[in-house]
Every structure is written in structure tokens, then in C-alpha cells.
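Look at the structure below, then work through the questions that follow.

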4 protein chains.
Amino acid sequence: MKTAYTFTGRLLICCADRPGIVARVSQFLYALGANILDASQHSTDPKEGLFFMRMVFQLEHSDTSREAFEASFRETVANPLQMDWHIDYPDHRKRLGIFVSAYDHCLQELLWRWRSGELAVDIPLVISNHESLRGITESFGIPFHYLPVTKENKTAQEAQALTLLTAAGIDFIVLARYMQILSPLIVSSMPGRIINIHHSFLPAFAGARPYQHAYTRGVKLIGATAHYVTNELDEGPIIEQDVARVSHRHAVEDLVLLGKDIERQVLTRAVKAHIDDRVIVHGNKTIVF
Amino acid sequence: MKTAYTFTGRLLICCADRPGIVARVSQFLYALGANILDASQHSTDPKEGLFFMRMVFQLEHSDTSREAFEASFRETVANPLQMDWHIDYPDHRKRLGIFVSAYDHCLQELLWRWRSGELAVDIPLVISNHESLRGITESFGIPFHYLPVTKENKTAQEAQALTLLTAAGIDFIVLARYMQILSPLIVSSMPGRIINIHHSFLPAFAGARPYQHAYTRGVKLIGATAHYVTNELDEGPIIEQDVARVSHRHAVEDLVLLGKDIERQVLTRAVKAHIDDRVIVHGNKTIVF
Amino acid sequence: MKTAYTFTGRLLICCADRPGIVARVSQFLYALGANILDASQHSTDPKEGLFFMRMVFQLEHSDTSREAFEASFRETVANPLQMDWHIDYPDHRKRLGIFVSAYDHCLQELLWRWRSGELAVDIPLVISNHESLRGITESFGIPFHYLPVTKENKTAQEAQALTLLTAAGIDFIVLARYMQILSPLIVSSMPGRIINIHHSFLPAFAGARPYQHAYTRGVKLIGATAHYVTNELDEGPIIEQDVARVSHRHAVEDLVLLGKDIERQVLTRAVKAHIDDRVIVHGNKTIVF
Amino acid sequence: MKTAYTFTGRLLICCADRPGIVARVSQFLYALGANILDASQHSTDPKEGLFFMRMVFQLEHSDTSREAFEASFRETVANPLQMDWHIDYPDHRKRLGIFVSAYDHCLQELLWRWRSGELAVDIPLVISNHESLRGITESFGIPFHYLPVTKENKTAQEAQALTLLTAAGIDFIVLARYMQILSPLIVSSMPGRIINIHHSFLPAFAGARPYQHAYTRGVKLIGATAHYVTNELDEGPIIEQDVARVSHRHAVEDLVLLGKDIERQVLTRAVKAHIDDRVIVHGNKTIVF
């Protein structure tokens with residue numbers, strides 16, 4: 001007697017554009033009896049010649065397991081078309097590790113939405129270089145690891161963080177206003193899987209004290225940017241941005257408060273897009289389906 | 001010797017959801033040698049069970065003409081799957097008829113963007129129940145027809161309008177602040193092809209004098225709505241909406257001025273979506289890909 | 001030896017417009033040695049003929065107490081000019097009573113911002129017709145009162161609520177998604193001091209299930225409205241509104257989630273404006289300085 | 001028999017903050033029988049210690065002429081308090097000179113709103129380094145001056161422009177996408193009276209080709225900035241900014257089109273604020289009341 005497999009998959013694809021890609025993928029799915037629940041596609045202009053696609057499909061009572069699906073897709077579709085591809089399954093709860101320093105607003109927002117069920121992830125740990133957010137973290141039942149960083153111990157502490165992340169089986173990291181620069185060790189271990197919230201509308205005011213700079217420059221809008229972390233500081237692929245209107249009435253402290261609200265929202269939207277496998281990173285840009 | 005056909009097509013599809021639709025369509029296209037340039041799909045939840053898709057494809061040096069393509073698609077794909085479908089071609093410039101009364105801002109915006117090449121349509125005529133916008137219209141080289149409407153002559157004038165529209169081979173109509181209610185005669189002759197700009201954020205303040213009502217009610221946002229016209233006044237499928245922030249400082253006249261800006265933008269975005277075959281009307285709602 | 005008084009005051013004024021009001025008020029303040037920190041004024045058009053003003057002033061080492069200030073202002077300025085007026089002091093922390101039912105997002109947002117110091121109020125109690133938010137409330141160290149409401153006990157429970165509010169010296173109330181209609185007893189006891197968050201962009205979709213209605217109508221924007229409560233349901237003076245963009249991709253549940261985010265933000269902004277004495281209610285409208 | 005003067009004035013004031021300024025000004029106005037129609041005030045934090053105010057007042061059937069008003073205000077209020085001040089009168093139609101190159105969208109928007117009465121200015125001339133917009137300009141009945149600029153003739157042409165501006169009695173200049181850098185000669189002749197629209201959300205992407213840069217960087221928002229021109233390129237005081245949301249679907253050309261829409265709106269809002277004497281420039285920032 002055969003086992004019947006029922007699952008939903010999310011397929012992300014990037015390859016050189018050419019006729020027949022959609023047909024090939026959808027034909028492959030149809031032959032297995034899969035129903036396509038959602039599909040989005042993007043082709044760049046002919047000069048770049050790139051093809052991106054996200055397909056969500058469902059198999060019900062199939063005799064194809066996930067492993068069999070992946071092996072077959074690789075062999076008959078992905079490899080022949082030289083695809084960069086990725087698959088994940090909504091019933092696989094991604095495991096999120098959060099890094100935070102002393103600002104609590106982004107951490108709070110994530111934990112709260114997580115508890116309400118809006119963020120369908122597991123959060124096995126929060127790592128911080130300060131003790132101050134231990135209480136909040138543990139009140140949500142999440143282990144809190146205090147790893148203070150100095151110039152001397154930075155390498156050791158990062159190694160320790162990496163050990164914790166590995167032990168916890170972390171799938172992706174969110175830097176929820178973590179005020180340390182992650183070393184290439186960690187960054188290169190999770191390419192396209194570390195999300196940072198930058199307290200500025202990048203590329204304006206990259207670096208520290210953006211609200212002070214915004215005030216000094218007298219801008220009429222301030223913003224925040226969520227991006228994947230690369231080893232180029234503040235230069236990684238942008239996932240989401242937003243702004244709010246300000247005026248001469250906003251003192252620097254007002255800008256900071258308003259900025260926190262934008263940061264919370266922008267970070268949340270970026271994290272949700274990542275969880276739902278909506279983001280393809282290509283070069284230094286994102287396609288967010 | 002065969003003729004070689006090269007064309008781009010935009011296919012809009014609505015049918016009951018079931019496995020294999022994407023595969024069937026993309027396989028059909030692939031078999032003809034077509035390249036899919038853009039594809040979007042939307043499935044409603046299983047209770048509604050509807051499938052919507054927009055596909056943009058390109059055939060190059062093919063031996064399939066448009067007529068042959070359409071006949072073949074109808075027979076081998078659309079009919080078997082009981083699709084509601086529509087195809088149009090970007091190189092077919094749609095023919096737009098504009099109705100207007102005395103407000104010039106929406107007419108101006110459309111004509112200006114048309115002249116700049118942003119709206120890829122032909123505009124064979126403007127019909128108005130006032131003489132006042134003849135000068136502007138004719139300065140763009142577009143024929144202007146003055147059809148004043150009274151209770152007595154309304155039927156006759158609408159028949160006359162319909163004759164003009166038919167003679168001009170109009171594909172779709174924009175009511176650019178036309179202050180008459182179109183009779184069912186015209187409305188039913190062009191279902192899903194008459195776009196109205198309503199000077200309100202529907203469903204709030206449906207009907208006349210919305211800015212006066214907004215002022216009286218003290219709302220903090222005012223808006224505008226572009227929708228397809230049906231015989232239910234202000235109740236047709238919404239294509240696009242937007243709002244702007246207002247305060248106690250805005251007198252009614254200020255709301256009117258600001259409203260005009262929103263109307264121009266909202267109408268433009270709706271008209272562009274229609275021109276690019278991005279809108280599927282289903283029941284009283286739109287899917288705008 | 002005299003006592004030296006140092007305080008900041010916020011003066012809200014509404015009266016018939018006529019020459020000399022600003023001069024009279026600012027002259028009065030200057031004569032006492034007060035510095036004007038912020039001033040905003042609004043005159044309606046001559047037909048309405050109304051004058052509104054907010055002035056923030058500071059007295060340092062003055063021999064005028066608050067009581068003396070108020071008495072003198074009443075006698076020499078407010079009464080002669082027949083002003084509706086109100087004064088409050090930033091160092092007087094307003095006392096906020098929160099009513100809530102089962103949705104936690106608005107309560108959470110308020111308590112969180114309160115703990116961070118962003119909302120400079122005391123919160124002596126939360127009243128709910130459900131037990132479910134006791135844990136959250138008490139984790140912030142705030143007393144939680146469970147007053148379940150049935151048709152039979154409604155009058156008694158409201159009397160009980162009023163007793164609690166009075167005993168706690170409540171200055172204003174926030175209905176943070178409280179799903180009961182407050183009786184005229186409570187409403188009329190605190191005119192212009194009960195803030196409700198309505199889960200809709202009023203006046204569209206007043207009443208229950210606005211997100212279902214928004215979905216059915218296919219709107220492209222959804223919103224939320226914070227308003228003062230009057231005995232006309234959903235008709236009280238609007239303080240703040242906002243919207244978010246939606247599309248056919250949003251199922252009703254998505255609209256609900258997105259709506260919660262807008263509700264949180266709109267309610268917060270309205271509550272802050274109230275705390276800072278920025279709102280004047282006149283008739284059924286607000287002036288928010 | 002005395003002449004009776006009736007006029008409305010707009011007073012802009014900047015000075016060191018100290019008690020009694022509002023009282024002094026409003027008392028001065030009241031003593032002349034003036035009614036204050038609108039007043040806004042802004043004090044920076046004590047460290048900066050600056051006071052800004054805009055007052056709109058009305059004198060009816062007064063025996064004080066504008067000249068007498070200004071002389072008296074200077075002597076009895078402005079000089080004693082060491083004010084930077086400026087007065088203008090709504091019935092004085094400011095004279096606007098427009099510089100433009102080949103892009104027509106900003107010019108069109110300004111001329112159109114001017115004709116509709118929305119911009120209460122006179123426009124005695126348009127100056128361009130291209131011939132291409134002569135037709136549009138002259139169709140509005142406005143003289144068009146073609147002053148092509150080369151490295152060799154730049155000084156001579158700017159002198160010629162200055163002669164034209166002076167002869168026309170220009171009050172302020174708008175650079176409606178003028179692709180030349182104005183020489184210090186003109187810039188320093190009209191400090192705080194030359195408005196430029198920059199096709200970027202400054203300070204990001206200052207300089208040329210911002211949409212190409214925005215595309216390359218993969219930003220999710222693009223913007224535009226209206227600012228006063230100083231001799232520091234792109235660094236002058238910002239008057240107004242706005243943004244629009246973009247995605248991977250926007251090719252560079254799409255960004256350019258969308259950018260034009262933002263530029264039109266941002267420039268219009270900035271020009272209106274300037275016409276209504278709402279802007280005070282202080283250092284490199286603006287206060288926009």
C-alpha cells in the first residue's frame with residue numbers, strides 16, 4: 001500500500017530567460033497532479049535577459065514525496081534549464097534567531113506578532129550584547145543569550161553566537177536594531193538570510209545618527225530600510241522601505257520616535273515577505289513577489 | 001512561401017479553478033514557439049473557486065496569424081476549460097472616446113499624457129454637453145462634439161452620441177467628470193469599457209457634492225475613485241482609489257482643488273491599467289494585475 | 001516671602017471671531033511674564049465666524065499660581081470675550097481608563113507605548129467584558145476589571161464601571177476595540193473625552209464587519225477612524241484617519257490583519273493629540289492643532 | 001478727508017526667542033484695528049533659541065497705508081526686537097520667471113494651474129536654453145526667450161537673462177527642470193527666491209541620472225525634492241519632498257515617468273507655499289507654515 005503525500009510547496013526560480021520555462025515548470029507540476037495556487041513571474045528587459053518566478057502549488061494524496069519531488073524537479077527541469085532555485089514548504093516553520101541591542105521596539109513588534117500567530121515561525125533564541133531586554137524576551141518564553149562584545153572578545157563571542165545558531169537550527173536571522181557589525185564569519189554563513197533594519201531611507205544618511213542628519217538637513221520625509229546583510233555595510237539588497245512626513249516642528253527626539261514606528265512596520269513587512277518565500281535575491285537587488 | 005507573423009498578445013482569462021490551467025495555457029503557447037513575457041495569476045479561496053490569469057506572450061517569425069492563434073486557442077484551450085477570455089495586442093491602439101462637461105482638469109491630464117505618448121491610444125472624439133472645453137480639445141487636434149442635454153432631448157442626444165462613437169470605432173469611453181448620467185442604452189453597449197472618475201472615496205459620500213459633505217463631516221482624508229460604469233449609479237467595479245490628507249484648515253474650495261489633483265491621478269492610473277489590459281471584471285469587482 | 005511658581009500651561013480657546021483676540025490673550029500672558037512656547041490659530045470663513053486657538057506658555061518663578069492664573073484669565077479675558085476655553089498642564093498626568101473586549105492589538109499598543117514613556121499618562125484601570133486580556137493587562141501592573149455585559153445586567157454593569165472610573169479619577173477613556181455600545185449615562189458624563197477606534201474609514205462601512213464589506217465591494221483602500229464618542233453611533237467628531245492600499249490578493253483575513261495595523265497607528269495618534277491638548281471639539285468636528 | 005485703506009498683509013518674522021514677541025506684534029496690530037486672520041508660530045529648542053512666526057492680518061477702512069504700516073512696524077517692533085522680517089500682500093501678484101530646458105511636464109503643470117487661477121502670479125517670461133517648448137509657452141500667451149548656453153557664451157547669456165528678469169520685474173524664479181547650473185551672479189541676486197525641482201529624494205542620489213541609480217540600487221521608493229537654490233549644488237534649503245512606491249517591475253523608463261508625476265506635484269506644492277508667503281528660510285533649512 002502506497003503512502004499518500006499532501007503538501008504545499010513554494011518554488012522560487014531564477015534563470016536565463018528563454019521560451020518555454022513557464023510551460024516546462026507548469027507541465028511538470030501538472031503531470032504530478034499538482035494544482036498551482038499562485039504564480040508570479042518577472043522577466044527583465046532583453047539586455048539583462050533574466051527570468052524570475054514564484055510558484056505555489058499543492059499536491060493532494062499524491063504518491064510523490066517532497067524528496068522525490070525535489071529530486072525529479074532538479075533532474076528534469078532545473079538542471080537542464082540551469083536554474084538557480086529554491087523550494088520551501090509553508091508547513092515547515094522557519095527557525096528565526098533575533099539579534100538585538102538595547103532598543104526594544106523592533107523586538108517587541110516581532111515577538112508580539114509571533115505570539116498572535118501572524119509570524120509563522122519558531123524563535124528558539126534571542127542574542128543580545130546587552131542584558132536589558134532579557135525580561136521582555138523571557139516573558140514570551142524565549143531563551144535569551146547575553147553575549148557582550150568588546151574589541152577583544154568579538155571573535156570569540158561571534159564564534160559562540162554561531163555555535164548557538166547552529167545548535168538551534170536557525171534558518172534566518174533578524175537584526176532588530178543590533179548595534180554591532182556582524183563579522184564576515186556569520187554573514188557569509190547565511191547569505192540572503194540575515195535581515196537588517198536600517199534606521200534611514202537608504203541610500204540617504206547611511207551610517208550612524210541618521211535622524212540627527214535628517215534634522216540638520218531639514219528633510220521633509222524620514223524613512224527606514226529593511227535589507228539583507230552583506231559584507232558591504234548598509235549596501236545589501238533592499239527588501240522594503242517606507243517614509244513618514246515630517247516638518248520643522250519635529251525635534252530630533254520626535255524624529256527618533258517617528259522613525260521607530262516606521263522601522264517596526266518596515267521590518268515586519270520584510271520579515272513576512274521572507275517567511276512567505278516571496279523574495280529572490282539577484283546580485284544586489286531583490287525581486288519581492 | 002509562408003508569411004512570418006510577429007506579434008505580442010495579452011491574454012486575460014477567468015474560469016473555474018482546477019489543476020492544470022497554467023500548464024495547459026503555457027503548453028499551448030510553447031508549442032507555438034511563443035515566449036511568455038509576463039504572467040500573473042490569482043486564485044480566490046476554494047469556496048469561490050475562481051482562477052484569473054493575465055499572460056503576455058510574444059511570437060516571432062511564426063507561421064501562426066492572430067486569427068489562427070485565436071481560433072486555435074478557443075478550440076483547444078478556452079472552450080474545453082469553459083473560459084471567459086479576452087485577447088488584445090499592444091500594437092492595436094485602442095480608440096478612446098472622452099465625455100466631459102465643464103471641469104477641465106481630467107480632460108487636460110488625459111490629453112497631455114496622450115500627446116506625450118504616455119497613453120498609447122487614439123482619441124477620435126470628445127463629446128461634451130458644454131461648449132466651454134472646445135478650445136482646449138481642438139488645440140490638441142481632436143474633434144469636439146457639442147451635445148447639450150435637456151430632459152426633452154436626452155434620448156435623441158444619446159442616440160446621436162452612440163452614432164458618433166460607433167462611426168469612430170470607439171473601444172472604450174472615459175467620463176472625465178461628465179455630469180450627466182449615461183442612459184442604459186450606452187452603458188449596456190460597452191460593458192466593462194466605460195470608466196468614470198468619481199470625486200469621492202467610494203462608498204463614502206456617493207452622489208453629488210462630496211467635498212461639501214466631507215467638510216461637514218470633518219473627515220481627515222478625502223479621496224477619489226475610478227470605476228467601471230454600470231446601471232447602478234456609483235456602484236460599478238472599482239479600478240483604482242486614492243486619498244490625500246486634509247485638516248480643519250481646508251475650506252471646501254481647498255478640498256475641491258485637492259480633490260481635482262487626486263481625481264487626475266486616480267483616473268490616469270485606471271485608464272493606463274485598462275489600456276494595458278490589466279483589468280479583469282468579475283461580478284462587481286476587479287482584478288487589476 | 002513669596003512662593004515662586006513655575007509651570008507650563010496649554011490653553012485651548014474657541015469663541016466668535018473678532019479683532020484683538022490674539023492681542024488680548026498674548027498681552028495677558030506677557031503682563032504675567034509668561035513666554036509663549038507654541039501658538040496655533042484657526043479662523044473659519046467669515047460666514048461661520050469662529051476663532052480657535054491653542055497657546056502653550058511658560059511661567060518661571062512667577063508669583064502667580066495656577067489657580068490665580070485661571071481666575072484672572074477667566075475674569076479679564078475669557079468672560080468678556082465669551083470664550084469656550086480649557087486649560088491643562090503638561091505636568092498634570094491625565095488619567096486614562098481603557099475599555100477593551102477580546103482583540104488585543106490596540107490595548108497592547110497603548111500599554112507598550114505607555115511603558116516606554118511615549119504616552120505620558122497614568123492608567124489606573126482596564127475594564128473589559130471578557131476575561132481574556134487580564135494576563136496582558138496585569139503584566140503591565142495595571143488593575144483589570146471584568147464586567148461581563150448581558151442585556152439584563154447592562155445598566156448595573158455600566159453603573160459599576162462609572163463607579164470605578166470615578167473612584168480612579170479618570171480624565172478620559174479609550175475604547176480600544178470595545179464591542180459594546182456605551183450607554184448615554186457614561187457618554188454624557190465625559191463629553192469629548194471618550195475616544196473610540198472604528199475599524200473602518202468612516203463614513204464608509206459604518207457598523208459591523210467593515211472588512212467583509214470592503215472585500216465584497218472590492219475597494220482598493222481600507223482604513224480606520226479614531227473619533228470622540230457621542231450618542232450617535234459612529235457619528236462623533238473625527239480625530240484621525242488613515243488608510244492602506246489593498247488589492248484583489250487580500251482575502252478578508254488579510255484585510256483584518258492589515259486593518260489592525262492601521263487601527264493601532266490611528267488610535268495612537270489620536271490619543272497622543274488628546275493627551276497633548278491639541279484637539280478642540282466644535283459641534284461635530286475637531287480642530288487638531 | 002482721509003483716504004481709507006483696506007488691505008491684507010502677510011508678515012514673516014524670525015528673531016531670537018524671548019517673552020512677549022507675540023504680545024508685542026499682536027498688540028501692534030490690534031492698536032491699528034487689524035484683525036489677525038491666521039497665525040502660526042514656531043520656537044526651536046532653547047539651545048537654538050529661535051522664534052519664527054507668520055501672521056496674516058486684515059485692515060479695513062484704516063487710515064494707515066501699507067507704507068505707513070511698514071515704517072511703523074519697523075521702528076516700533078522689528079528694530080527693537082532685532083527681527084529679520086518680511087511682509088507681502090496677497091493682492092500683490094508676485095511676478096514669476098520660469099527657466100526650462102527640454103522636459104515639458106513641470107512647465108505644463110505650472111502654466112496650466114496658472115491659467116486655472118490656482119497660482120495667483122503673473123508670468124512675464126519663460127527662458128530656455130532650447131527652442132522646443134516655445135510652442136507650449138506661447139500658446140499660453142507668455143513670451144518665450146531662447147538663450148542657448150555654451151561654455152563660451154554662458155556669462156553673456158546669463159547677463160542677458162538677468163537683464164530680462166530685471167526688466168520684467170521678476171520676484172522669484174522657478175527652475176522647471178532647467179538643466180544648466182545657474183551662475184552665482186543670478187543666484188546671489190535672488191537669495192531664497194529661486195526654486196529648483198530636483199528629480200530625486202535628496203540627499204539620496206544627488207546629481208545626474210538619479211532614476212538609473214535608483215534602479216541599480218533596487219530602492220523601493222523614488223522621490224523628488226523642491227528646494228531653494230544656493231551656490232552649493234543640490235544643497236539648498238528643502239521646501240517639499242515626496243515619494244512613490246516602486247518595485248522590481250519598474251524599468252528605468254517607468255521610474256522616469258513616475259518621477260515626472262512626483263516632480264510636478266512636489267514643485268507645485270513648493271511654488272504655492274512660496275506664493276502664499278508660507279516659507280521662512282533660516283540657515284540651510286526652511287520653516288513651512
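A salt bridge is a side-chain nitrogen of Lys or Arg within 4 Å of a carboxyl oxygen of Asp or Glu. The model is predicted.

Q: How many salt bridges are there between domain 1 of chain A and domain 2 of chain A?
A: The domain assignment of chain A gives domain 1 as 5–88 and domain 2 as 94–288. One salt bridge in chain A joins the side chains of Asp276(A) and Arg10(A), at 4.0 Å from N to O. Between domain 1 and domain 2 of chain A, the count of salt bridges is 3.

Q: Which elements of chain A give two or more residues to the side of domain 1 that touches domain 2?
A: Across this interface of domain 1 and domain 2 of chain A, 5 residue pairs are in polar contact, with both residues at pLDDT 80 or more. On the domain 1 side, the elements of chain A that give two or more residues are strand 1 (5–16), strand 3 (50–62) and strand 4 (84–88).

Q: What area is buried between domain 1 of chain A and domain 2 of chain A?
A: The centres of the two domains of chain A, taken over C-alpha atoms, are 31 Å apart. In contact are 11 residues of domain 1 and 9 residues of domain 2 of chain A. Carbon and sulfur atoms give 59% of the area buried between these domains, and that area is about 850 Å².

Q: What area do chain B and chain A bury between them?
A: The size of an interface is often given as the accessible area lost when the parts come together. Here 19 residues of chain B are in contact with 19 residues of chain A. Carbon and sulfur atoms hold 48% of the area that chain B and chain A bury between them, which is about 1500 Å².

Q: How many residue pairs are in polar contact between chain B and chain A?
A: The count of salt bridges between chain B and chain A is 0. For residue pairs in polar contact between chain B and chain A, with both at pLDDT 80 or more, the count is 7.

Q: Which element of chain B gives the most to the side of chain B that touches chain A?
A: Helix 1 (21–31) and strand 2 (35–43) of chain B each supply at least two residues of that side. By class, the residues on the side of chain B that touches chain A are 9 nonpolar, 7 polar and 3 charged. With 8 residues, the element of chain B that gives the most to this side is strand 2.

Conventions. Residues numbered from 1 in each chain as written. Chains lettered and ligands numbered in written order. Predicted model: local features only at pLDDT ≥ 70, side-chain atom pairs only at ≥ 80, totals over all residues. Heavy atoms only, no water. Contact = heavy atoms within 4.5 Å. Buried area = accessible area lost by both parts, 1.4 Å probe. Polar contact = N/O pair within 3.5 Å; in protein donor to acceptor, adjacent residues only side chain to side chain. Helix = DSSP H or I, 4+ residues; strand = E, 2+ residues; numbered from the N terminus. Nonpolar A, V, L, I, M, F, W, Y, C, P; charged D, E, K, R; others polar. Domains from an automatic or database assignment.
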